[in-house]
Amino acid sequence: ASFDAVVCRNVLSNLVDPERALRQWRRVIKPGGVLMYFDSGWWHYLYDDALDSLRRAYYGTGSSSTFSELEAIAPDLPLSREVRPAWDRAFLSSLGMDVVAACDVSAQVWTEEERLRYSFAPQFMVAARVPASDSAVQ
């Protein structure tokens with residue numbers, strides 16, 4: 001309980017244990033503090049044919065060797081199968097956090113070209129607050 005806020009971008013979808021990361025972030029945020037992150041269901045196309053069709057049509061096979069390396073391990077990453085940000089909202093709520101927002105922000109952060117290119121994995125924002133009256137560190 002020592003930070004007012006934790007902010008990150010495109011981290012959780014690539015973690016082996018995202019639940020542990022969220023628990024730790026929740027633990028270090030002061031009562032009344034905020035967790036805010038941007039992410040995407042980057043690898044969900046591996047489990048959704050419609051999303052995979054969008055990826056193949058507009059994104060192709062990736063843009064870097066890093067993408068290829070991540071894609072190779074993505075089936076073993078737990079959030080690859082999850083529908084997000086619905087999963088995020090539910091998990092953060094289970095930690096006793098008040099989820100203030102969990103919404104698609106693609107139109108606000110990407111150009112029209114990027115929205116088309118990344119249509120298989122819309123960018124979302126999650127903002128969650130530790131209740132001000134919270135005294136328990138999880």
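Student: Where is Asn10 found?
Tutor: Asn10 sits in the loop between strand 1 and helix 1. Helices (H or I, at least four residues) and strands (E, at least two) are DSSP runs, numbered from the N terminus.

Student: What's the phi of Asn10 like?
Tutor: Asn10 has a positive phi of about 50°, although it is not a glycine.

Student: What kind of model is this, by the way?
Tutor: This is a predicted model, where local features need pLDDT of at least 70 and side-chain atom pairs count only at pLDDT 80 or more, while totals for chains, interfaces and linings use all residues. Residues are numbered from 1 along each chain as its sequence is written, and side-chain values use heavy atoms, with hydrogens and water left out.

Student: Okay, zooming out. How many helices and strands are there?
Tutor: The protein chain has 6 helices and 4 strands. Going along the sequence, their pattern is β-α-β-α-α-α-β-α-α-β.

Student: And what about the radius of gyration?
Tutor: For the protein chain it is 16 Å, which agrees with the value near 14 Å that a compact globule of 138 residues would have. The radius is taken over C-alpha atoms, and the globule rule is 2.2 Å times the number of residues to the power 0.38. Along the principal axes, the C-alpha atoms fill a box of roughly 50 × 30 × 25 Å.

Student: How many of the residues are buried?
Tutor: Buried residues make up 41% of the 138 in the protein chain. Buried means under 20% relative accessible area, exposed over 50%, and partly exposed in between (1.4 Å probe, protein chains only).

Student: Let's look at helix 4. Which of its residues are buried?
Tutor: In helix 4, which spans residues 86-94, the buried ones are Trp87, Asp88, Phe91 and Leu92. They cover an arc of only 120° around the axis, so they lie on the same side of helix 4. That arc is the one of the directions from the helix axis to the C-beta atoms.

Student: What do they pack against?
Tutor: The buried residues of helix 4 pack against helix 1 (18-28), strand 2 (29-40), strand 3 (98-104) and strand 4 (123-129). Contact here means heavy atoms within 4.5 Å.

Student: Which residues of helix 1 are buried, then?
Tutor: Those are Pro18, Ala21, Leu22, Trp25, Arg26 and Val28. What covers these residues of helix 1 includes strand 1, strand 2 and helix 4.

Student: Back to helix 4. What comes before and after it?
Tutor: Pro85 lies in the loop between helix 3 (65-73) and helix 4. The peptide bond from Arg84 to Pro85 is cis, with omega near 15°.

Student: New topic: where is Ala5?
Tutor: Ala5 is in strand 1, residues 3-9. Ala5 counts as partly exposed because its relative accessibility is 42%. Ala5 and Gly32 are 27 residues apart in sequence, and their C-alpha atoms are 9.3 Å apart in space.

Student: And Val109, what is it in contact with?
Tutor: Leaving aside neighbours within four places in sequence, Val109 is in contact with Glu114 and Gln123. Val109 belongs to helix 5, residues 106-109, and it counts as partly exposed, at 44% relative accessibility.

Student: Last one: how many contacts join residues at least 24 apart?
Tutor: Among contacts between residues at least 6 apart in sequence, 77% join residues at least 24 apart.
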